[in-house]
Amino acid sequence: MSDTTGSETPDALLGPADIRELAAVLGVRPTKQKGQNFVIDANTVRRIVRTAGVRPDDVVVEVGPGLGSLTLALLEAADRVTAVEIDDVLAAALPATIEARMPARADRFALVHSDAMLVQELPGPAPTALVANLPYNVAVPVLLHMLERFPSIERTLVMVQAEVADRLAARPGNKVYGVPSVKANWYAEVKRAGAIGRNVFWPAPNVDSGLVSLVRRTEPLATTATRREVFAVVDAAFAQRRKTLRAALATWAGSPAAAEEALVKAGISPQARGEALTVEEFARIAEAKA
């Protein structure tokens, strides 16, 4: 792989040599515990920004910016970028990297030094897009938290472990369809948006990565049940995914008979399994019990 900071792309984005130099100066060694794998290829981050459909008027929130590879590419394309970083060293260094490499856009950048799971508000205008290389170990809860907390986010593109991407984008009947698939679909239309090779990361992970696109529903799901009520049904159905819904939902409903009653009322076979149901059908079950 060529160094993208050479004559091919003489620009502000970070290439392999820049990433390693920055990490050395900061004394940063990527750790598995934090799920850190830094993107070292400028072409890849530009591809992510293109695939995300980032527009000049977008306010983008990025989770886990690391050393700033994707952040710089987002700043090139968006109106403004807010990055949420949990790591003390990386959070302290990122504003200086932006100022040094893209000074004309530095006033368009904001940093939130926090665990993304604890973020309840963001500075500046409401975000319209979420674009992130999410750490593998927290990808799904972080994604769901951000979608719930910031309804202004219309479009999301996340890079996650390939099997997580498959799960998020799975349809009913697929063997990997489960809790992440249904909950993501509560908020958005979800699809796989490409694959990312291992050699664009440092250190190279021992798993493949995938891109997932989530376009928020223009109208919320038509249901009288709350999100919390629907998600409780989803969690119960997949906690014992091999069981029929009559059995899997027994504790949730109060008894197998009560579960059957709710299912019949919702127009769903008590012998069906959770992996066969759409988010709309889970919502009907929640309504039937309410």
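About 30 Å³ of space lies in the second largest cavity of this predicted model, a cavity being a set of points on a 1 Å grid over the protein atoms alone where a 1.4 Å probe fits but cannot get out, with grid points joined across faces, edges and corners and the volume taken as the space filled by probe spheres set on the points. Because the model is predicted, local features need pLDDT of at least 70 and side-chain atom pairs count only at pLDDT 80 or more, while totals for chains, interfaces and linings use all residues. Residues are numbered from 1 along each chain as its sequence is written, and side-chain values use heavy atoms, with hydrogens and water left out.

**Confidence**
- The protein chain has a mean pLDDT of 93, and 94% of its residues reach 70 or more, pLDDT being the predictor's confidence in each residue from 0 to 100.
- Over residues 1-10 pLDDT stays under 50, and the model has 21 contacts beyond four places in sequence for them, a contact meaning heavy atoms within 4.5 Å.
- Where pLDDT is low, the predicted coordinates should not be read in detail.

**Cavity lining**
- The second largest cavity is lined by Leu22, Leu26, Gly66, Leu67, Leu90, Ala93, Leu94 and Thr97, lining residues being those with an atom within 4 Å of a point.

**Aromatic rings**
- The structure holds five aromatic pairs, in which rings of Phe, Tyr and Trp (its six-membered ring) have centres within 6.5 Å, with planes under 30 degrees apart counted as stacked, over 60 as edge-to-face and the rest as tilted.
- One of them is the edge-to-face pair of Tyr187 and Phe231, at 6.3 Å centre to centre and 85° between the planes, which links helix α7 (residues 179-187) to helix α8 (residues 227-239) across 44 residues.
- Tyr187 is buried at a relative accessible area of 8%, as is Phe231 at 8%, where buried means under 20%, exposed over 50% and partly exposed in between (1.4 Å probe, protein chains only).
- Phe238 and Phe282 form a tilted pair, 5.9 Å centre to centre with 45° between the planes; Phe238 lies in helix α8 and Phe282 in helix α12 (residues 279-289), so the pair ties together parts 44 residues apart in sequence.

**Ser213**
- Ser213 lies in strand β9 (residues 209-216) and is buried, with a relative accessible area of 13%.

How values were computed. Helices (H or I, at least four residues) and strands (E, at least two) are DSSP runs, numbered from the N terminus. On a 1 Å grid over the protein atoms alone, a cavity is a set of points where a 1.4 Å probe fits but cannot get out, and a pocket is an open set with protein on both sides within 12 Å along at least five of seven lines; lining residues have an atom within 4 Å of a point.
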